[in-house]
Amino acid sequence: MRIYLYILSGITSALIGWSLGQFILSDLGWLQKFPELALFPCIAISLAVGIVATDIFLNNPTRFKRNFSRGLIPLSIAAGLGFLIGISSGGLVQILLNPQLRDKVITIPDEFVRIIGWILIGGAVGLAEGLTWRWRSIEAGDKRRFVQRLTISLSTSILTALIAAIIFEWIRQKMGGIPIALKAWEDTIGFSLLGGLLGLVLSFSTSPSHLVALRAGAGFEYTENLNITQNKTPSNYPHIQKELSPILKFVSNEFTDKIEEGLSIQLPTRGKVKIGSAQLKILGSQQFGVNICIPGLPLHIADLDLAPSQTILVPNLKFFNRIEYQGDRLKESTPIKLKHNDLITFHAENGVYNGKKLFRFIYYNRFLDPQA
């Protein structure tokens, strides 16, 4: 379904951009001597905005108000980049196609000029998608992951635009030029091909990260008066113990260990993650403790058994009644196979951490956008 929506978005965006360009050229009568200066920016803007809007919608398909509020900045940046690169590519193509320059200076064939223009449009779409991802997902807080996403989006978009242009020019040559009956639709067909291929490729290259994560909810609210650097021991605040294996980190910040509301703990693809309040202890060459340490909980309240295809919550036989799953207290210690968006609550014995009596996590097995 994701693939089809991306392809449809690419084709529709290209047609909208082409229609806007024709409105400027034909209805308003502007830039008729320089058609590429109208057509290329419109198509680049429409494609960039359409692809970014599609990604925002697919990450939060039921939250239209949130999509609108969070999408203003990314969509504005996408439109700006589309305009700047579109007007630049249109100007370049217009210069290269100028008859006076072609006769005296430039001898680049028409098909190569069109290929250059399409490549620049593809670059605009990829750059817009990659850059605006910083405002669309907290996963972009990881600099390495952000650079990787930007590089993939930009390179695949440029390569796709190149392939689309080569395919279109090959078809033109095989047919001996576009038939007269289709001549009026030449640009429409070509840019629809470009948009559809960009949508197809970006649906794969920008697919959601399938990271398994726990997002911190109630009980982990920010407390301004807590200073963990002054006269505080690790038992005074919820944290992840990075020294223990498997090593945990936060999706958006790999340098902190404190668990706060809204932060998502990236879980390993396989292994066992222990939850409780047991502090790290080193005996000889052995390390003991829990991976997710929360004050007020039993030393060991539960495990998460992780495998590539599933995650199982295994409550401690002695403390299963201190755990809620989907809002209901557990009545037995039977292991639970977790599903995307499941709610897990741990109850503390006393309010030892600023009066907090419960700590909630949301489990993700499709890391679309934990901020949603």
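This is a predicted model: local features need pLDDT of at least 70, side-chain atom pairs count only at pLDDT 80 or more; totals for chains, interfaces and linings use all residues.

Me: Is Q241 buried or exposed?

Reply: The general idea is a cut-off: a residue under 20% relative accessible area is called buried. Q241 has 4% relative accessibility, so Q241 counts as buried. Setting aside neighbours within four places in sequence, its contacts are A278, Q279, L280, G289, V290, N291 and C293.

Me: And what is S277 in contact with, beyond its neighbours within four places in sequence?

Reply: S277 contacts V290, C293, I294, L297, P298 and L299. S277 belongs to the loop between β5 (271–276) and β6 (281–283), and its relative accessible area of 15% makes it buried. C293, which is on this contact list, is buried too, with a relative accessible area of 1%.

Me: Since a cysteine has come up, how many disulfides does a search of the whole structure find?

Reply: That search finds 0 disulfides. For another cysteine, take C42: its relative accessibility is 12%, so C42 counts as buried.

Me: Let's turn to sheets. In what order do the 7 strands of the open sheet run?

Reply: First the general idea: strands of a sheet pair through backbone hydrogen bonds, either parallel or antiparallel. Here the order is β3-β4-β1-β15-β14-β11-β12, with antiparallel pairing. The edges are β3 (249–250) and β12 (328–329), each of which pairs on one side only.

Me: Over how many bridges do β11 and β14 pair?

Reply: Strand β11 (residues 323–325) and strand β14 (residues 342–347) pair over 3 bridges, in the antiparallel sense.

Me: Which strand does I336 lie in?

Reply: I336 lies in β13 (residues 336–337), and its relative accessible area of 13% makes it buried. I336 and L304 are 32 residues apart in sequence, and their C-alpha atoms are 9.6 Å apart in space.

Me: Now the aromatics. How many aromatic pairs are there?

Reply: The count is 6 aromatic pairs. In one of them, the rings of F220 and F359 have centres 5.2 Å apart and planes at 50 degrees, so the pair is tilted. This pair links distant parts of the chain, with F220 in the loop between β1 (212–216) and β2 and F359 in strand β15 (residues 358–364), 139 residues apart. Both are buried: F220 has a relative accessible area of 0%, and F359 has 0% relative accessibility.

Me: What are the ring distance and plane angle for F220 and F361?

Reply: Their centres are 5.0 Å apart and their planes at 45 degrees, so this pair is tilted as well. F361 lies in strand β15, so the pair ties together parts that are 141 residues apart in sequence. F361 is buried, at 1% relative accessible area. Elsewhere, ring pairs link F40, W118, F168 and F191 into a cluster.

Me: Which ring does R134 lie over?

Reply: R134 lies over the face of F146, at 4.1 Å from the ring centre.

Note on methods:
Residues are numbered from 1 along each chain as its sequence is written. Side-chain values use heavy atoms; hydrogens and water are left out. Helices (H or I, at least four residues) and strands (E, at least two) are DSSP runs, numbered from the N terminus. Buried means under 20% relative accessible area, exposed over 50%, partly exposed in between (1.4 Å probe, protein chains only). Contact means heavy atoms within 4.5 Å. A disulfide is a pair of cysteine sulfur atoms within 2.5 Å. Two strands pair if DSSP finds at least two bridges between them. Rings of Phe, Tyr and Trp (its six-membered ring) pair if their centres lie within 6.5 Å; planes under 30 degrees apart count as stacked, over 60 as edge-to-face and the rest as tilted. A charge sits over a ring if NZ of Lys or CZ of Arg is within 6 Å of the ring centre and within 35 degrees of the ring normal.
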